[in-house]
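Take a look at the model below.

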Amino acid sequence: MSAERFGGLRARIAAEAARLMVEEGVDQYFTAKRMAAKRLLGRVEGRRARFRPADLPSNGEIREALLLLAERSEGSGRTRRLFALRIVALEAMRALAPFSPRLIGSVSTGHIRRGSDIDLHVFPADEDALERHVRALGWTFDRERVTIQKGGEIREYVHYHVADVAPLELTVYAPRELRSRPRSSTDGKPIVRLGVAALSALCARDHPAAWERYLETGEVEGMDALLEMDEDAPLPGPFDGLLEDGAEGDDEPAHAEPGEEDDPDQVYDPLPGFEGVA
C-alpha cells in the first residue's frame, strides 16, 4: 500500500503501523504506531529522531489503513459481503418500521469483519409491543438486559439478539431518545444513526450496480457467501483479529455504548452526503 496515498506524516505512520500489524504480527495499536514512527523517522546525526504525540495517528486512522490493506488482499469479496449485510439490515428495518429503527456500527461505516453483526437501535413506546411484533415476524431471538456504568451513572439497556442470515442486535431506547443521540465513547461525537432512506442512499452510492440489480430482481449480491458462513465458528481471515475490539491499545474506551462493541474505534462523523437524511 502506498503511504503517499494518505499524505502527511501521520498518514505514513498509520500505513506503516498497519503493515507491521499484518506482516510482523504486532497486535496492539499502541505498540504499532510507536514502532512505525521510530522506523520512519530513523536516526538523525546518530540520534534517534523524536516525534510529537500529534504526529501519531489515532487507532481509527490505523484501522482505516488496515481496511485498505484488507480490501486489497480480499478483493471484491469484502464489498459483496458488506452489501449483503446492508440489505439484511435494510429489510429488517423495514419490518421494524413502527419502532423507528436506526442502523449504527460496522455495517453502516463499512468496518466489517467475519462474524460482524448488525446493530439496530429501536424506539418503542411500549417494549411489550416490540416483543409481540418480533414474535409475529417469526424471528428467533433472545432478550437480554445489560447494565453498564457510564458517566458515573448506572444505566440499563434491553437487547434483542435475533438469529438471521447475519445476527441482528436490537438495542431498545425510549422514543424521546431518538432525537438526543448518545455520544461515541471513543471520540465524544454524537453517533450517526441511519434510517431506511439514508441506508438506501448509502447502498446506491457505495454499491450502485448491486443496488440496481437488487431493485430490479431482488437478487442480493454476496448473500450466498453469508448463507455459507458458519457463524458459530467463522473461518478466520488475515485481518479479522486486527479489526475487532481485542486489538485496541491505549485508546480503548472503558465503557462502550450499546451497539458499539462490534467496532468501538469507528468514527461516527456523518457520512458525506447523508448529514440531513434520516
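**Rings, charges and a helix**

The charged end of R34 sits over the ring of F30. The distance to the ring centre is 3.9 Å. Keep in mind that this is a predicted model.

R193 lies over a ring face too, that of Y173, at 5.0 Å from the ring centre. Y173 also belongs to a cluster: ring pairs link it with F123 and Y157.

How many aromatic pairs does the structure hold? There are four. One of them is formed by W211 and Y214. A pair of aromatic rings is described by the distance of the centres and the angle of the planes. For W211 and Y214, the centres are 5.6 Å apart and the planes are at 35°. That makes the pair tilted, because the angle falls between 30 and 60 degrees. Both residues are in helix 8, which spans residues 208–217. They are three residues apart, so about one helical turn separates them. Both W211 and Y214 are buried.

Now turn to helix 6, residues 127–136. At its start, a side-chain oxygen of D126 comes within 3.0 Å of the backbone nitrogen of D128.

Which residues of helix 6 are buried? L130, E131 and V134 are. They cover an arc of only 95° around the axis, so they lie on the same side of helix 6. On the other side, R132, R135 and A136 are exposed.

After helix 6 comes G138. Its phi is positive, near 80°.

Conventions
Residues numbered from 1 in each chain as written. Predicted model: local features only at pLDDT ≥ 70, side-chain atom pairs only at ≥ 80, totals over all residues. Heavy atoms only, no water. Phe/Tyr/Trp six-rings, centres within 6.5 Å; stacked < 30°, edge-to-face > 60°. Helix = DSSP H or I, 4+ residues; strand = E, 2+ residues; numbered from the N terminus. Buried < 20%, exposed > 50% of the residue type's maximum accessible area, 1.4 Å probe, protein only. Lys NZ or Arg CZ within 6 Å of the ring centre and 35° of its normal. Arc of directions from axis to C-beta. Polar contact = N/O pair within 3.5 Å; in protein donor to acceptor, adjacent residues only side chain to side chain.
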